[in-house]
Amino acid sequence: MDAIVFRASPAFTIKTTKSISLSRSQFSYGRRRRITDSSRNYRKPSKVESTGSGDDVAFDEAAYEADRLRLDAEARKSMAETSERASSDEDDPGAWKWAIRNRVWDTMEAKNIAQFPRPVHHRIPNFVGAPAAANKLSGLEVFRMAKCVKVNPDSPQKQVRFLTLNGGKKLLTPQPRLRTGFFSVLESLMLTPSTINEACTSIGVAKYGRPIGLDEKMKVDLIVIGSVAVDPKTGARLGKGEGFAELEYGMLRYMGAIDDSTPIVTSVHDQQLVDDIPVEKLLSHDVPVDIICTPTQVIFTNTSIPKPQGIYWDKLSPEKLGQIRILRELKNKIEQETGQKLPCGPSEKLPPTAQRR
């Protein structure tokens, strides 16, 4: 790449003509990778069996899934504590977001439109009719024309991931909470009819996906993002509160894989449509949506909310950087290449998604 622009905030921009390259091996967990004592997610090495092909080993599904469930439980517990603190503090700037999230989660459970995994609190909620919403999404021209689609790894978008692969498109998906490094790419030619369904799950992505690094040259034609609540009139969106969708978007901007014209679509239940997200209170890194697909309708928001321009380093706390190795490595790389120190956001208490080393 000839030039890279790192936007930390409108007032903080670094330009360099040097290519910043982080090797793929730094970000790969993926299929058939050895799990070692230095793995940043596992408390102890998982038992694996040799496949007889050099240093390749069989993927330990049970260990991966057990660790995923443990980390998810820890994260939900911590988010619940954060929500409770914010709800009891009128001066907390994020209190309004938690009020909307909790209202939507409560409604989905009360009306029994929530689907497994339940309860849906502190998740991107799975919902009755998620496959129908996915089918509407697949009928969009932007989906039909897309060659590469980035889809979030959550349960309600599983059918979107399937339709992407089944349609012969390239699927780009992050490991949950960026916990194994970065993104993985899957294509139907990498799979068999018997493995395509599994490839749409978190385990399947780890088993069959090709891990990529920030130096990957690619173009993403469409972004599908999960939501807790979304305003159909403005395109304003709320996720579950961890900020990983925003980080993923920022890193794709850094890679040059997307720009302002890249459509952003979300699939939600009609009960997740709200009209009380104050646009003026959204932050620079909040990601709006262009199109909303529900089981009953397709909504083009014509959003005027600016899309994030990259990674906003001044919004990232030391704790968040401490959790995600790829961000630390990228930050260090940028600082070494430019000779300038990037800013860091204020300290905060974060969900213990993993003690990433």
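**Figure 1. Helix α7 and its buried residues.** In α7, the residues F244, A245, E246, L247, E248, Y249, G250, M251, L252, R253, Y254 and M255 are buried, where buried means under 20% relative accessible area, exposed means over 50% and partly exposed lies in between (1.4 Å probe, protein chains only). This is a predicted model, in which local features need pLDDT of at least 70 and side-chain atom pairs count only at pLDDT 80 or more, while totals for chains, interfaces and linings use all residues. Residues are numbered from 1 along each chain as its sequence is written, and side-chain values use heavy atoms, with hydrogens and water left out. Helices (H or I, at least four residues) and strands (E, at least two) are DSSP runs, numbered from the N terminus. With twelve of its twelve residues buried, α7 is mostly covered. Why does a span of 16 Å agree with helix α7? Its twelve residues (244-255) should span 16 Å at 1.5 Å a residue, and the end C-alpha atoms are 16 Å apart; the expected span is 1.5 Å times one less than the number of residues. Just after the helix, G256 takes a positive phi of about 80 degrees.

Figure 2. Follow the eight strands in the order β6-β5-β4-β3-β7-β10-β11-β12; they form an open sheet with mixed pairing, and two strands pair if DSSP finds at least two bridges between them. At the edges are β6 (210-211) and β12, each pairing on one side only. Helix α7 packs on this sheet and touches β3 (148-151), β4 (170-174), β5, β7 (222-225) and β10 (264-267); contact means heavy atoms within 4.5 Å. The direction of α7 makes about 170 degrees with that of β7, using axes that are lines fitted to C-alpha atoms, for helices over the stretch in contact, and angles from 0 to 180 degrees between N-to-C directions.

**Figure 3. Strand partners within the sheet.** Strands β3 and β4 run parallel and are joined by three bridges. Here C148 stands opposite K170 in β4, and K150 stands opposite L172 in β4. Both faces of β3 are covered, with C148 and K150 buried on one side and V149 and V151 buried on the other. Four of the five residues of β4 are buried, so this strand is largely enclosed by the rest of the structure. Strand β5 (residues 183-186) and β6 run antiparallel, joined by two bridges, and V185 stands opposite R210 in β6.

**Figure 4. Two nonpolar cores.** A nonpolar core is a set of buried Ala, Val, Leu, Ile, Met, Phe, Trp, Tyr and Cys residues joined through side-chain atoms within 4.5 Å. In soluble globular proteins, nonpolar side chains tend to be buried together. The largest core here has 38 residues, of which L172, M218, V220, L252, M255, W313 and L327 touch the most other members. Which elements give two or more residues to this core? They are β5, β7, α7 and α9 (325-338), and the largest share, eight residues, comes from α7. Leaving aside residues up to four places away in sequence, L252 touches K150, L172, F183, V220, I223, A257 and I258. A second, separate core of 24 residues includes F143, A146, V160 and L186.

Figure 5. Helix α1 (residues 61-87) has 27 residues and reaches 38 Å from its first C-alpha to its last, close to the 39 Å expected at 1.5 Å a residue. Its buried residues are A63, Y64, D67, R68, L71, D72, A75, S78, M79, S83 and A86, and they pack against α2 (95-110) and α6 (202-208). At the N-terminal end, D60 caps α1, with a side-chain oxygen 3.4 Å from the backbone nitrogen of A62. A polar contact is a pair of N or O atoms within 3.5 Å; within protein, one must be able to donate a hydrogen and the other to accept it, and residues adjacent in sequence count only if both atoms are side-chain atoms.

**Figure 6. The loop between α2 and α3.** Most residues other than glycine have a negative phi, and most peptide bonds are trans. In the loop between α2 and α3 (130-138) you can find P117, and a cis peptide bond joins F116 to P117, with omega about 0 degrees. P119 is found in the loop between α2 and α3 as well, and the peptide bond from R118 to P119 is cis, with omega near -5 degrees. H122, in the loop between α2 and α3, has a positive phi near 65 degrees. At 9% relative accessibility, H122 counts as buried.
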